[in-house]
Amino acid sequence: MRYLPYVLKHLRASWIRTGSTVLAMAVCIFLFVTLQTFLAAIDAGLESASDRRLVTRNAVSLVFNLPLWYGERIRSVPGVRGVAYASWFGGVYQDPKNFFPNFAIDAERYLAMYPEYRIPTDQLRAFLRDRRGAVVGRDLAERFGWKIGDVFQLESNIPPYRVGGPLQFVVRAVYDADLDRDPGTNLGLMFFHWRYLYEATGRTVSPGSFVELIDDPSRAGEISDAIDALFANSVAQTRTETEGAFRAGFVAQIGPLAYLLNAIGLAVTFTILLVTANTMSMAVRERRREIAVLKTIGFPSGLVMGLILAESFVLGALGAGTGILLGRWVVAVLPGLPVIGDIMRAFSTRGVDPLITVVAFALGVSIAVAAGFVPAVLAYRLRTAELLRHA
Amino acid sequence: MNAVEVRNVRKIYRRETEEIVVLDGLDLDVPEGEFVALMGPSGSGKTTLLNLVAGIDVPTSGSVVVGGTDLTDLSESGLARWRSRNVGFVFQFYNLIPVLTALENVELPLLLSALSRSERRERARTALEIVGLGDRERHYPRQLSGGEEQRVAIARAVVTDPIVLVADEPTGDLDARSAAEVLDLMEVLNRDLLKTIVMVTHDPRAAERAHVQRHLEKGVLTNG
């Protein structure tokens, strides 16, 4: 600690260079924090998928629905314990920027398959009794300030579900989750009765997908094949897969983006390494005379090297700290932004994971220390007499 | 008793295949409390001899004993540790650390000691008082004149209470008046604090302040 003022004074003396290096480092760490948080949110969403649930959809595309009667046929497949259906409603609340995922569901059977959605019994009863009833996640309720009994309207942007005006809903239940046990559970969803949609559209629509609960996860592939075989010669052929694979299909659409962002992050990290290395090289080159003086008055070479590495460490710590704070702030405000906020909410991000914070700090400090290592070794190796002669 | 004993010292620099003999079998004794001026033309080996006495460099052969310690027996880290306790340095261009105040510059060698911060500060203030700059402790080198910078450098050199003070052209970058002040100060350190001083200089007026003048010519001491 006795050398810390010496280290800090040097950083402060060349504050423009220090500031720009810290800023560059902060940008690097900020990118790392936000990107990793985004990817972690995606991973959490995938991990929350149950391996005891299968999803059956139209083999051609998700935009094509399946006949309602498929449910009874699927129920007859050995190993299937329960079947429910659902439709992506695509409802807009007041303005498109208020996006949140909303589904019409085969309520009683569907919710029974998702025990991670914890709904108070009295609220569940109230929801099941009310045709216009809605179940909303805790985050969604907090976002719009909804309370039990509140009424709101959604208007779908999907043609078959457009009925000449918005549908009206009443908040009858708010679901929560044990995030320690089910960490990826999305608390930003809204569910309502599929029958309400069916009747509102003049009984013309059919389910978008079926969800099956199976006895034995190890037989998921076999059961999926059996379900798809049932409709192999139908007009609407099906594709059945585990819930995890189904969600991964969505994620695959943004997979290239993740790769791209990772590649950019790597390039930025490498650039910051060079920037910091340059900063430290300049610092050592400019201070050859000073290094000569330190060594002359008795500072051991190891201590001189340590002082230079300490400067690098402080640069890294300041940059990483700034980047982490910036990242945490951006992750906190992202869900409120248009477009990107929709994505973040869909993946139910719960802020920056402490592990990401620790790794980001370690990364920043490691980059800085690595960048300072070569200049520090050069300072270590310089012989005092030569330094005095050439300084 | 001698503070410095240099015996049959040779110093040879190798530049590719060429060997340059800088010091050639040189002997030098400096008694305790002596003030010696080393003079000679450029390239005569004055600074090399000073570096050997200060433990900054090692001879190719021969021995250098300072304060009873044979410096040729010490490793590089051992020499660094020895320098921090036994030698004070005064350079031609002062070599103060620009980002540190006068007080912090003087305190710098004490960072290597076991003293507490308050003890270090107290000693540094005392050293600044000795050189007459007690009121300039918060000033940075850029806020001081050349003469004042050199006096701060002298305070830094004596703050560890070293056996020997080595000075390489201490007045070489100063005007006549500042040079005289610095030399007055060195005389005080030698006379009142009994510091042994080895000073390299080109300046005859500076050399006159020393008790003994030695001349170097092509790596050999030519007169006493």
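**Figure 1. The interface of chain A and chain B in the predicted model.** Together the two chains bury about 2,200 Å², and 61% of this area lies on carbon and sulfur atoms. Arg2(A), Lys9(A) and Ile297(A) supply 29% of the area that chain A buries against chain B, more than any other three residues. The contact draws 24 residues from chain A and 29 residues from chain B.

**Figure 2. The salt bridge between Lys9(A) and Glu104(B).** The closest N and O atoms of Lys9(A) and Glu104(B) are 2.7 Å apart. Between chain A and chain B the count is one salt bridge. Nine residue pairs, both members at pLDDT 80 or more, are found in polar contact across the interface of chain A and chain B.

**Figure 3. Helices on the side of chain A that touches chain B.** At least two residues of this side are supplied by each of α1 (4-13), α10 (288-296), α11 and α14 (384-390) of chain A. With six residues, α10(A) gives the most to the side of chain A that touches chain B.

**Figure 4. A nonpolar surface patch containing Leu326(A).** Leu326(A), Trp329(A), Val333(A) and Leu337(A) make a patch of about 360 Å². Leu326(A) is found in helix α11 of chain A, which covers residues 301-333. Leu326(A) is classed as partly exposed because its relative accessible area is 37%, a value that lies between the 20% limit for buried and the 50% limit for exposed residues.

How values were computed. Residues are numbered from 1 along each chain as its sequence is written. Chains are lettered from A and ligands numbered from 1 in the order in which they are written. This is a predicted model: local features need pLDDT of at least 70, side-chain atom pairs count only at pLDDT 80 or more; totals for chains, interfaces and linings use all residues. Side-chain values use heavy atoms; hydrogens and water are left out. Patches are made of residues with over 30% relative accessible area and no salt bridge: like charges are joined within 9 Å, nonpolar side chains (Val, Leu, Ile, Met, Phe, Trp, Tyr) within 5 Å. Accessible areas come from the Shrake-Rupley method with a 1.4 Å probe; for residues, only the protein chains shown count as cover. A salt bridge is a side-chain nitrogen of Lys or Arg within 4 Å of a carboxyl oxygen of Asp or Glu. Helices (H or I, at least four residues) and strands (E, at least two) are DSSP runs, numbered from the N terminus. Buried means under 20% relative accessible area, exposed over 50%, partly exposed in between (1.4 Å probe, protein chains only). Contact means heavy atoms within 4.5 Å. Buried area is the accessible area (1.4 Å probe) that two parts lose on being put together, summed over both. A polar contact is a pair of N or O atoms within 3.5 Å; within protein, one must be able to donate a hydrogen and the other to accept it, and residues adjacent in sequence count only if both atoms are side-chain atoms.
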